[in-house]
Amino acid sequence: MVTGPIQHPVAAFPIDDPAALRAARRHRVTLLREIHAFEQALAGPAGDPQWRPRFGLRLDGLRGEFTEHVRLTEGRSGLYAELLDRAPRLARTVHALLREHADVAAVLAALQRRAALPEATTEELRGSAGDLLGRLSRHRQRGADLVYRAYGTDIGRPN
């Protein structure tokens, strides 16, 4: 009979479900939902007069959810602080993700400014949006890898 927490061979400490990890796990679903909504708007027919307003609306939503992601992961009570308390060996990876936050936020802001210009073409916006989606995908993958290395759990799966 096993007593005490289960120890995962990759985890630096027993698997549990700290508050910051639970919040990040819940928000991961919300952010992915917003990414999918943005992709759907992006894939709509360019000739539709509602394409640009729909694109702008979904871009606003995505930017808001990414801002929430940053809030939940950064700061004194965020996931990264909690993770670094438990697994300081992962500091380099955390700092790389923090830099990515700034990069993604800058790309989101630039795309929003570009989308507001009437001369911006659908092709331009789609190209920039594709770059943004690639960055977000890589960031989410690196974040999932980080959580797995620290907690021995897949952040995308409920415990």
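Is Glu-34 buried or exposed? Glu-34 counts as buried because its relative accessibility is 12%, where buried means under 20% relative accessible area and exposed over 50%, with a 1.4 Å probe and protein chains only. This is a predicted model, in which local features need pLDDT of at least 70 and side-chain atom pairs count only at pLDDT 80 or more, while totals for chains, interfaces and linings use all residues. Residues are numbered from 1 along each chain as its sequence is written, and side-chain values use heavy atoms, leaving out hydrogens and water.

**Confidence**
- The chain has an average pLDDT of 88, and 87% of the residues score at least 70; pLDDT is the predictor's confidence in each residue, from 0 to 100.
- Over residues 1-15, pLDDT stays under 50.
- Where pLDDT is low, the predicted coordinates should not be read in detail.

**Around Glu-34**
- You will find Glu-34 in helix H1, residues 19-43 (helices are DSSP runs of H or I, at least four residues, numbered from the N terminus).
- Beyond four places in sequence, Glu-34 is in contact (heavy atoms within 4.5 Å) with Arg-58, Gly-61, Leu-62 and Glu-65.

**Helices H3 and H4**
- The axes of H3 (residues 79-86) and H4 (residues 91-115) come within 10 Å and cross at roughly 170 degrees; axes are lines fitted to C-alpha atoms over the stretch in contact, with angles from 0 to 180 degrees between N-to-C directions.
- Therefore H3 is roughly antiparallel to H4 (angles over 145 degrees).
- From H3, Tyr-80, Leu-83 and Leu-84 meet Ala-91, Val-94, Leu-97, Leu-98 and His-101 of H4.

Definitions and conventions:
Helix = DSSP H or I, 4+ residues; strand = E, 2+ residues; numbered from the N terminus. Parallel < 35°, antiparallel > 145°, perpendicular 65-115°, else oblique.
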